[in-house]
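Hi,

Here's the structure I said I'd pass on.

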Amino acid sequence: MRTLPFRTASAMRAEFAQAMVALFERRKDLVFITGDLGYMALEGVAEAFGERFINAGVAEQNAVSLAAGLARAGHLPWVYSAAVFTVLRPYEQIRNDVCLHELPVKLVGNGGGYAYGIMGATHHALEDVGAMRVLPNMRIYLPLVAADVARVVSTMADDPLPNYLRLGLAAKLPGTVPAFAPWRKLKPGRSRVVIGMGPVLQGLYELGDRALLDELEIWSVGTFPLADIPAELAASIQEKRAVISIEEHYRAGGLGEALSHSLLTSGVIPESLVCLHAAGYPSGRYGSQRWHLAESGLSGPPLASRLKELLRA
Amino acid sequence: MTEHAKAECVMLAERVLSVKMRFLAMYKRANAGHIGSSLSCAEILVFLKFAWMRDEDTFVLSKGHAAAALYSVLAEANLLTPCQIESYCEEATELPALPPFNVIEQIPFATGSLGHGLPVSAGMALGARFNGQDRRFFCVTSDGELDEGSVWEAALFINHHKLNQLVWIIDRNQIQAIGRTEDVLALEPLDAKLRAFGFHVITVDGHDFASLLAARDECAELWTLRAAPVVIIANTVKGNGISYMQDTVECHYLPMTHTQYEQALEELKRAHTAFSHGQRDAG
């Protein structure tokens, strides 16, 4: 394969761009549509895709309907923008033209959660998963580490349903992370089951409190709708009785809500379920992704205190 | 006009009478509205189906509220059954008041929410280009629909990518849901706007087959030149042909009483007879 000018290595979008180029090597029905984003990220895709790479301009409604038309004509279109613009600006186009018609349009949102950091509230996507979850036929993919991205892209290409891919900064976790799956057990733990979606899980490993981490059995959710609760997880919940969910997303429509429904309807019922989620902008101030996560109690000392408090309970 | 064109107009006049009689019956049976919207685009739809589109071409009715006219045209072409037509707006029908998704092969997209038809048509046209297919795409929007920003996003895209195999037809009946377009959100000068976007603009009388035929011939010439994407502004009258409906906001909504239905049928037949006599006398 040619050497391509991928210049950002830490964000998932670099892996994503490489995965798209690799996918194009074996599938020529792909069309890549960007909403005028992807500077220093998509140059390699543009080069590889040629006329099948389209910058549709800052016009997300048209981009999504266009993709639906392309899918109707037998192509496999990918629509890329910032998560908030991919999901919310063209929401009715996603609902009507893509989801109702069950067309395999692949929506890609870069910067899920607070990933755009200091760019501020208009660039954050704290309700993208909830918005996509309620749409018919939609399947959501949530990679966790960089190595997940290629596998997810390949899975999405073979998935006949409309999909949404939430990208962000990849988590860097200690040890070996199992291959991407709807449910993954990341580590064993003594007394609590933690279930999270996406890179926010990294915050748990960065608390600098070994004893605290040892208490936590950690699972990662990779897809919505949630797959059936695996037997091993069900057994852990029955044994430990306490579940904590964590997500870089508002509570409404997010993982915690989905999980509570899933646990209740599958008869796996813990004594407690605590949902840690994005709080929005409680202080009215802005900062990096890390700063916002801490303000929401999703990383750093605020997360550590919250977990300790829960462990004492 | 050539003899062939005259014969084509006579054939189309027969077709459109049959199409209108059918959809008026559908509206009456269902006690449904949007009659004026169907009457304003009936000739356009009939013309596209019976005088312009080939088997490999695709039609999108972006103004989905005129679905009854579309269903009736498809029935006229034996692509919907009388049984399906009778079920229009009944419980458990395949034919709701606005076009359904993934049920009727000739309806590639469910429309009704305005501003979707043109961009999906652009996507299909681009897809056909990638496939190396000689297919054409015809999309009818309303004029009130032009308030939607997504229409103009698509207009930019169609011109930037020179999607010349897409023909956009605007049913310019001057009336939107609760008012006249120029009172609600003025569109004029519409032709100048569209020209500025890069379109080749053709203006026609949307109820006159001779005028539509001339537009078709102009397009054929443009396609040989690969000049520019085409938009046809079809000047029409909402509720056309029915005296009590014509050019009123009410005919966007109100179903027909029994007397109004009888009157509508009578006026359509009378106009058709006059047209036929005119053709015979001219011949």
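Chain A has 13 helices and 12 strands. Do keep in mind that this is a predicted model, so every value below is computed from predicted coordinates.

On overall shape: the C-alpha trace of chain A spans about 60 × 40 × 40 Å along its principal axes. Its radius of gyration is 19 Å, which agrees with the value near 20 Å that a compact globule of 313 residues would have. Of those 313 residues, 49% are buried. If you take the contacts in chain A between residues at least 6 apart in sequence, 77% of them join residues at least 24 apart.

Now the domains. Chain A splits into domain 1, covering 12–166, and domain 2, covering 183–312. Their C-alpha centres are 26 Å apart. The two domains do touch: 21 residues of domain 1 of chain A and 26 residues of domain 2 of chain A take part in the contact.

Two elements of chain A, helix H6 (128–133) and strand E5 (139–141), each supply at least two residues to it. Which one gives the largest share? That's H6(A), with 4 residues. Sorted by class, the side of domain 1 of chain A that touches domain 2 of chain A comes out as 12 nonpolar, 5 polar and 4 charged residues.

That's what I have for now.

Cheers

Notes:
Residues are numbered from 1 along each chain as its sequence is written. Chains are lettered from A and ligands numbered from 1 in the order in which they are written. This is a predicted model: local features need pLDDT of at least 70, side-chain atom pairs count only at pLDDT 80 or more; totals for chains, interfaces and linings use all residues. Domain bounds come from an automatic or database domain assignment. Two residues are in contact if their C-beta atoms, placed from the backbone, lie within 7 Å. Ala, Val, Leu, Ile, Met, Phe, Trp, Tyr, Cys and Pro count as nonpolar, Asp, Glu, Lys and Arg as charged, and the others, Gly among them, as polar. The radius of gyration is taken over C-alpha atoms; the globule rule is 2.2 Å times the number of residues to the power 0.38. A residue is buried if 20 or more other C-beta atoms lie within 10 Å of its own, exposed if 12 or fewer, and partly exposed in between; C-beta atoms are placed from the backbone.
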